[in-house]
Structure formats: C-alpha cells, structure tokens
Amino acid sequence: MLRAERSTTRRAGQRPRFARRATLCRSLRLLGSFRFEQTDPAVFYGGVATDTADLVGDFYRDLTGESLRGTIVLDVGGGPGYFADEFGRAGARYLPVEPDPSEMHAAGLRVAGSVRGSGMALPFRDDAVQICISSNVAEHVPQPWLMAAEMLRVTKPGGLMVFSYTVWLGPFGGHETGPWHYLGGEYAARRYRRKHGREPKNRFGRSLFAVRAADGLRWARDTPDDIEILAVFPRYHPRWAWWVVRVPGLRELLVSNLVVVATKRASALGEPTAEDAA
Ligand SMILES: C[S@@+](CC[C@H](N)C(=O)[O-])C[C@H]1O[C@@H](n2cnc3c(N)ncnc32)[C@H](O)[C@@H]1O
C-alpha cells in the first residue's frame, strides 16, 4: 500500500477543516451544476469556483492559521479565469497562467495580470508565491508530473500546493468522448469524429491523457523529503466516501477527481516561510 493511501491525511490525528464542508449536500449541488457546463458555463464554473476557493482557503488556514487575504494564488491552467472573482472576494491576488490564448479569452473575462505560459515550464522564479493550484489541468498535459514539480518549485517554503485532476477511468475521464473512453481513448476520439464530423476539443493523445488515481498517489509517495503531503482525497465526494482513494482498482472507477494537497517544508535553517514573506 502506498504511504499516501494509508490515510487521506498525513498529519496524524488532524482532520482537515475542509472535511467539514464535504457533505452529501455539497456533492449533490456540485453534481447538479455539472449539467450546465456546456449550456451555462457561468452557473457551472461559479459553483466550482466558490467551492475551490473554500477548499484552498481551508487548507491554507490549517497550514498557516491565516486566511487567503494578501496571498498570491497562482492558478496553473486557469483558462479564462473563472476563479478570479472568488479568490478576489477572499482578499487574494489571483494570477492565472494559461498557454492557450483562445481559452484565456473564452468567456470574455479580463483578469489583470493573466500570464501566458505552460505549467510544464512556469515563467516564475523559485519560491515565488504562497499558493499554487491547478484544477482539471493535469489530464490535458503530456507531462503532468513535470507540471506538479514546477508548481512545487514556484511555491514558497511553508506555502500550499493543490493539484486536482480528472481521473481517466472515472465517469468524466473521457470528457466529451465518454463513456466510449472505456473502450480506449483512440477509439473514443475516432467515434466522436465519425458522429460529429469534427475532432473532439479534448483529443486523446494530444490534449487529453490517461492519468490514473494511482499515478497521483505514486507521485505523492515519491515526492522529495522537503515536501509534505497534507491530504489526498476525491474532490467531489462527501467525507464519508473518501476511503475509495485507498482501494486499488475501485478508486480508478469511483474517484472521478483526485486532489493532492502538499506543502514545501521551511528549512531548518530558518528560511522564511510563506507567512513571513507575505
Ligand atoms: C478543463 S480546463 C480547466 C480550467 C480551470 N482550471 C477549471 O478548473 O475550470 C483545462 C485547462 O488547461 C489548460 N492547459 C492545457 N495544457 C496546459 C499546460 N501545458 N499548462 C497549463 N495549462 C494547460 C487548457 O488550455 C485549459 O484552459
């Protein structure tokens, strides 16, 4: 069993604050909003944005005792910046990094300070921000673990990194080509083209990759000693169902979206922490 599987949180005896929010009602509310993703993205993304800011705020408070006020939140693969308002309301400076200009302009939002760049080579110096997050991006990136390493690189010691992605064999893994991805990503892509007369936006092998729950757990297990994994859990599940992460095989089908929460330890030499540098 992988170290990160034994417990959904590594800090013994500590239940993350966010667990209290992870109720069945919240799961049903989020699930209900998923049907608006194509027809009314503002409804869908509005709900997810509030939930994401709560999640990040709760883990940051567990870690530092502080709120998000005054922090910089770097959102890797932030798309048009749907999360900007929510993080702004919480008092954080929100910076989306996005490689695709058409995604950046997709919703007509104007987020000051948006940066064009790839998560696999973040255009920021080491230890630059208190908080670095990515939401539903790793499955669109050919080298997701390089992106995760980059996210840790730019996070200050004592800062927070939240890495959340859609699991390939989960119900949403195939994106618009699902559920045919269960018969193979290439088959699902060709079937979509035959049916719709065009390539899917999320094309397997080009902009959609098979990232398993086990991959995230293995990455969490193998992080260097200066990285502490704070929690690994299924993003949209109620707290009482977080155990699915611990069951090989089943987790690939049921987790749907895996969240890995990590912090970079401040060095014993008294290196300034994210709080000191805020
Ligand atoms: C499904 S969207 C997620 C948008 C937003 N983070 C959310 O949770 O709603 C995936 C985003 O990842 C971006 N992306 C693709 N390749 C990337 C890369 N190499 N680095 C950073 N972002 C990337 C895409 O352009 C797209 O905006």
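Predicted model: local features only at pLDDT ≥ 70, side-chain atom pairs only at ≥ 80, totals over all residues.
1. Main core. The largest nonpolar core has 61 residues. The members that touch the most others are V56, F59, V73, L74 and I131. Helix α3, residues 41-64, gives the most to this core, with 9 residues. In soluble globular proteins, nonpolar side chains tend to be buried together.

2. V73 in detail. Which residues does V73 touch, leaving aside those up to four places away in sequence? They are V56, L68, F87, A92, Y94, L95, I131 and I133.

3. Second core. A separate core of 5 residues is also present. Among its members are A188, A189, Y192 and F204.

4. Helix α7, length. This helix covers residues 185-196, 12 residues in total. At 1.5 Å a residue it should span 16 Å, and its end C-alpha atoms are 16 Å apart, so the two values agree.

5. Helix α7, buried face. G185, A188, A189 and Y192 are buried in α7. Seen down the helix axis, the buried residues fall within an arc of 100°, so they line one face. An α-helix has 3.6 residues a turn, so residues three or four places apart point the same way. A188, A189 and Y192 also belong to the second core.

6. After helix α7. G197 follows α7. The phi of G197 is positive, near 75°.

Methods. Residues numbered from 1 in each chain as written. Core = buried A, V, L, I, M, F, W, Y, C linked by C-beta atoms within 7 Å. Buried ≥ 20, exposed ≤ 12 C-beta atoms within 10 Å, placed from the backbone. Helix = DSSP H or I, 4+ residues; strand = E, 2+ residues; numbered from the N terminus. Contact = placed C-beta atoms within 7 Å. Expected span 1.5 Å × (residues − 1). Arc of directions from axis to C-beta.
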